[in-house]
Amino acid sequence: MTATVPGAADAVAPGAAPAGGLAAHQVCVAYGGQRVLDRVDLHVAPGETVGLRGPSGSGKSTLARVLALLHAPDSGHVTIDGEPLGGVRHRLPAQLRTRVAILFQSPRAATDPRLSLADVIAEPLRATGTPREQAAARTAELADLVGLTPDLLTRRPHAVSDGQLQRACLARALVHRPDYLLCDEATAMLDASTQAHVAAVVTDYQRRQGAGVLVITHDPALMKRWATRVVDLPAA
Amino acid sequence: MTTTALPAGTALTSPLLAVDGLTVRFRLRDAVVHAVTDLSLTLRPGELLAVVGESGCGKSVLAHALLGLLPGNATVTGRARLHAPGRREADLIGAGERHLARHVRGRGVGLVPQSPATALTPVRTGRRLLEETLRAHGHTRRDAPAAAVRIAADVGFDPADLDRYPHEMSGGMAQRLATALALAPDPPVLLADEPTTGLDRPLVDHTLDLLRRRCDTGAAVLLITHDLAAARRVADTVAVMYASRIVEHRPAEALFDDPAHPYTAGLLDALPDRAFVPVPGHPPRLTDLPGGCAFAPRCARATDACGTLPRLAADGTGRVACHHPLREEAPA
């Protein structure tokens, strides 16, 4: 099921993923009897950008949620660097959970409207018990990285634009320095300039950290520009 | 207004909608939001005008101002004359609520809302919503059901799905139903506010083609979008908004091939099939706009002259508001 683009880092035989990387093995997911993912394999190696493509309803977002350990598959399992996460359900150890981060399409649906942008970014740090001063410093560092000015950090989601809020979500996704970042149509609702900026921040982070990135997009031009390898997900 | 960007071959017919000096301000507790400033444009029969710009530049406020749908803390000045065929010309700005409700919204100016999932009444099925709209606009109880099926099919909504409630529809279905509801009264002017957000590529193309066909029958469409590829695909003319003002307005082809305003050029360079480089810096806050050109702090071509506000003046095929446009006028 892989359609490759020149420069492909690896051509993986199904079921024989190399040790390094984030991988789905024979993943099946059904919603109310409707099978969305049927024995799907996907492998994202460190440092590569995999584009995931497929028609509406083909299960792209579901696969991203499975890889982000937000949704337990009906069968099959996910591995990180060869380490299976099969038996683990809701209570994953924090060290594993924070190795994969996800960025969603709608930042409004992905943020708590009561929090300031600074608190949105710092939330994962609080959840893992990072000391306050350390969290504040890390938040400021990330805000600067994604291009949020300090005056925006005190505002709540309703008082900023979609582009600004998605930048905060990107900062939140990077706060624990994940090894894998999943972008699920993360720039679809952004204007061209903000989209290019978000993609540049992700690519820059990826270079420094050696992270693997999964990009889901319907935009052929963006896919061609951003992904080093493209995987097609067939219709469910 | 003195000049207008016209698509090639458009006859000089009188405009359906002429907006002149439209200005919208929102009063907040400790600030004033400059949402739309001195905006002038015309929409002619058959024209598809795309208004593009970064999020938060005032695009959607423009649509809501034209329909009198702004909240109470908004102050609107300027004129927007609607000249629908066979009807008396009317100014939409400052028109009474009764006039807007009876003659403008839906009938004179249709709106395809930004977020169809929240715009549809959740307790009615698609069929009831459509029939209700048709009956409010002159169809009889007898012929509304057949017309509902026909209009649904026109927008690519499978009539077999009409008995679903909005929460039982996918985003794409809700979008097509919202479009059908806007088209049902056959308004001469249609405002489409980000009608393709959240749709996948085939549905985006379908929706855009639908708007294009609408224009080809003589109606006019104002498409508000952040999607430059969409604007390029269907628009006759494009107006670029930056910090509440139109900074460039010209036929689509000329704008995409040969932009004059540095901001337009920057936006185009951010496209993934072009340089994929963001415009440097950040847009200014609409509560705190600089006195001169609002783009000057981000502009590589800025000089001292940019401390004064550039006028939106005729330039080649359209209008541009810049002291240092990328294409200087050809020497006479």
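A residue is counted as buried if 20 or more other C-beta atoms lie within 10 Å of its own. In this predicted model, 48% of the 332 residues of chain B count as buried by that criterion. Chain B comprises 10 helices and 12 strands, and its radius of gyration of 20 Å is close to the 20 Å that the globule rule gives for 332 residues, so the chain is as compact as a globular protein of that length. The C-alpha trace of chain B extends over about 65 × 45 × 45 Å along its principal axes. Among the contacts of chain B that join residues at least 6 apart in sequence, 65% are between residues at least 24 apart.

Chain B contains an open sheet of 8 strands with mixed pairing, in which the strand order is β6-β7-β8-β3-β9-β10-β12-β11. The edges are formed by β6 (109–112) and β11 (313–315) of chain B, each of which has a single partner strand, so that one side of each is left without a neighbour in the sheet. Direction ignored, neighbouring strands of this sheet are turned by 25° against each other on average. At one end of the strand order, β11(B) pairs with β12 (residues 318–320) of chain B in the antiparallel sense over 3 bridges, and B:Asp315 stands opposite B:Gly318 in β12(B). Helix α1 (residues 59–66) of chain B lies across β3 (48–52), β6, β7 (189–193), β8 (220–225) and β9 (237–242) of that chain, and runs at about 145° to β7(B).

In chain A, strand β7 (residues 100–103) pairs in the parallel sense with strand β8 (residues 180–184) over 4 bridges, with A:Val100 standing opposite A:Tyr180 in β8(A). In a regular strand the side chains alternate between the two faces of the sheet. In β7(A), A:Val100 and A:Ile102 point one way, whereas A:Ala101 and A:Leu103 point the other way, and all of these residues are buried.

The two chains also meet each other: 20 residues of chain B are in contact with 21 residues of chain A. On the side of chain B that touches chain A, the residues divide into 9 nonpolar, 7 polar and 4 charged.

Note on methods: Residues are numbered from 1 along each chain as its sequence is written. Chains are lettered from A and ligands numbered from 1 in the order in which they are written. This is a predicted model: local features need pLDDT of at least 70, side-chain atom pairs count only at pLDDT 80 or more; totals for chains, interfaces and linings use all residues. Two residues are in contact if their C-beta atoms, placed from the backbone, lie within 7 Å. Ala, Val, Leu, Ile, Met, Phe, Trp, Tyr, Cys and Pro count as nonpolar, Asp, Glu, Lys and Arg as charged, and the others, Gly among them, as polar. Two strands pair if DSSP finds at least two bridges between them. Helices (H or I, at least four residues) and strands (E, at least two) are DSSP runs, numbered from the N terminus. Axes are lines fitted to C-alpha atoms, for helices over the stretch in contact, and angles run from 0 to 180 degrees between N-to-C directions. The radius of gyration is taken over C-alpha atoms; the globule rule is 2.2 Å times the number of residues to the power 0.38. A residue is buried if 20 or more other C-beta atoms lie within 10 Å of its own, exposed if 12 or fewer, and partly exposed in between; C-beta atoms are placed from the backbone.
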